[in-house]
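Dear colleague,

Please find below the structure that I am handing over to you.

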Amino acid sequence: MTDEAVLQRFRDDGVSTLTLNRPHRKNAITMELWVALREALDEIAHDAAVRAVVVTGAGSAFCSGADVVDSDPYAAPFAKLRSISDVAQRLHDLPVPTVAKVRGAAVGAGWNLALGCDLVVATPDARFSQVFARRGLSLDCGGSWLLPKLVGVQQAKRLALLAETIDAAEARELGLVTWIKEPDLIDDFVDDVARRLAAGPPVAVAQTKALLNEGADATMREALAAESRAQAVNFAIADVPEAYAAFAEKREAAFTGDWNVRRPEN
């Protein structure tokens with residue numbers, strides 16, 4: 001991973017923070033940055049110590065979209081689009097909960113990167129745009145899948161076809177932002193949310209995230225069957241008896257995700 005493109009910070013409480021680190025370009029994404037993001041997400045997906053992820057941008061913006069200045073408009077687009085799609089899919093499939101912390105602009109693929117997170121926290125000055133149509137482009141980075149599921153097809157078409165810029169308040173009304181927090185409060189607020197997510201039962205949280213992601217495209221029968229399979233796994237994890245004991249003892253549970261099935265004694 002290129003350290004200059006993405007800064008990764010890991011805390012003792014199980015939270016990893018990925019910071020897009022091109023503040024001089026409002027974190028506009030180059031091919032190098034897409035590759036760095038993909039590598040960082042791969043590392044996190046295979047690191048059992050990471051229990052929650054925060055995605056943010058350095059400086060005054062979250063991400064201003066693809067870097068149209070540093071890119072070659074005549075280069076074959078397939079490699080770049082494959083990298084964009086790889087990042088969107090890895091973020092979606094990540095088994096731990098993710099939080100986007102948005103200051104300033106979140107534009108194009110940058111906005112879809114934020115929407116790909118499970119929760120979005122923004123400052124009041126945040127601005128959002130599906131800018132693609134203004135650039136002669138169609139949606140990417142998962143936008144065509146994410147937007148209709150979050151706001152419905154009609155509002156998704158309005159945002160994509162007109163490429164309007166909306167503020168944090170409207171994004172919150174549409175369900176595209178989870179919370180709005182003042183600039184001097186957002187860091188502490190996101191830290192607290194991420195800490196609480198990381199303290200949850202990791203196996204159950206991973207399965208709940210997958211159930212919600214997949215449930216929108218499933219029938220009721222399929223969703224119920226998936227829930228039953230997931231719950232059967234949960235009962236084989238040490239976190240269930242720990243949760244029951246913590247409730248009885250009036251204390252906070254200490255979840256580990258450890259397997260609770262013992263080998264039979266010979």
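The paragraphs below describe a sheet, a residue and a pair of helices. Please bear in mind that this is a predicted model.

I begin with the sheet. Three strands form an open sheet in the order S5-S7-S8, and their pairing is mixed. Strand S5 (105-107) and strand S8 (165-167) are the edge strands, each pairing on one side only. From one strand to the next, the twist averages 20°. Strands of a sheet pair through backbone hydrogen bonds, either parallel or antiparallel. Strand S7 (residues 127-129) and S8 run antiparallel and are joined by three bridges. Ser129 has Thr165 in S8 as its bridge partner.

Next, a residue in another strand: Thr19 lies in strand S2 (residues 15-20). Its relative accessibility is 15%, and because buried means under 20%, Thr19 counts as buried. Apart from neighbours within four places in sequence, Thr19 is in contact with Ala5, Val6, Leu7, Thr56, Gly57 and Ala58.

Finally, the helices. Helix H8 (residues 202-215) packs with helix H9 (residues 220-234) at an angle of about 175°, and their axes are 10 Å apart. Angles over 145 degrees count as roughly antiparallel, so this describes H8 and H9. On the H8 side, the contact is made by Val203, Ala204, Gln207 and Leu211, and on the H9 side by Ala226, Glu227, Ala230, Val233 and Asn234. Of the residues in this contact, six are nonpolar, two are polar and one is charged.

Yours sincerely

Definitions and conventions
Residues are numbered from 1 along each chain as its sequence is written. This is a predicted model: local features need pLDDT of at least 70, side-chain atom pairs count only at pLDDT 80 or more; totals for chains, interfaces and linings use all residues. Side-chain values use heavy atoms; hydrogens and water are left out. Two strands pair if DSSP finds at least two bridges between them. Helices (H or I, at least four residues) and strands (E, at least two) are DSSP runs, numbered from the N terminus. Axes are lines fitted to C-alpha atoms, for helices over the stretch in contact, and angles run from 0 to 180 degrees between N-to-C directions. Buried means under 20% relative accessible area, exposed over 50%, partly exposed in between (1.4 Å probe, protein chains only). Contact means heavy atoms within 4.5 Å. Angles under 35 degrees count as roughly parallel, over 145 as roughly antiparallel, 65 to 115 as roughly perpendicular and the rest as oblique. Ala, Val, Leu, Ile, Met, Phe, Trp, Tyr, Cys and Pro count as nonpolar, Asp, Glu, Lys and Arg as charged, and the others, Gly among them, as polar.
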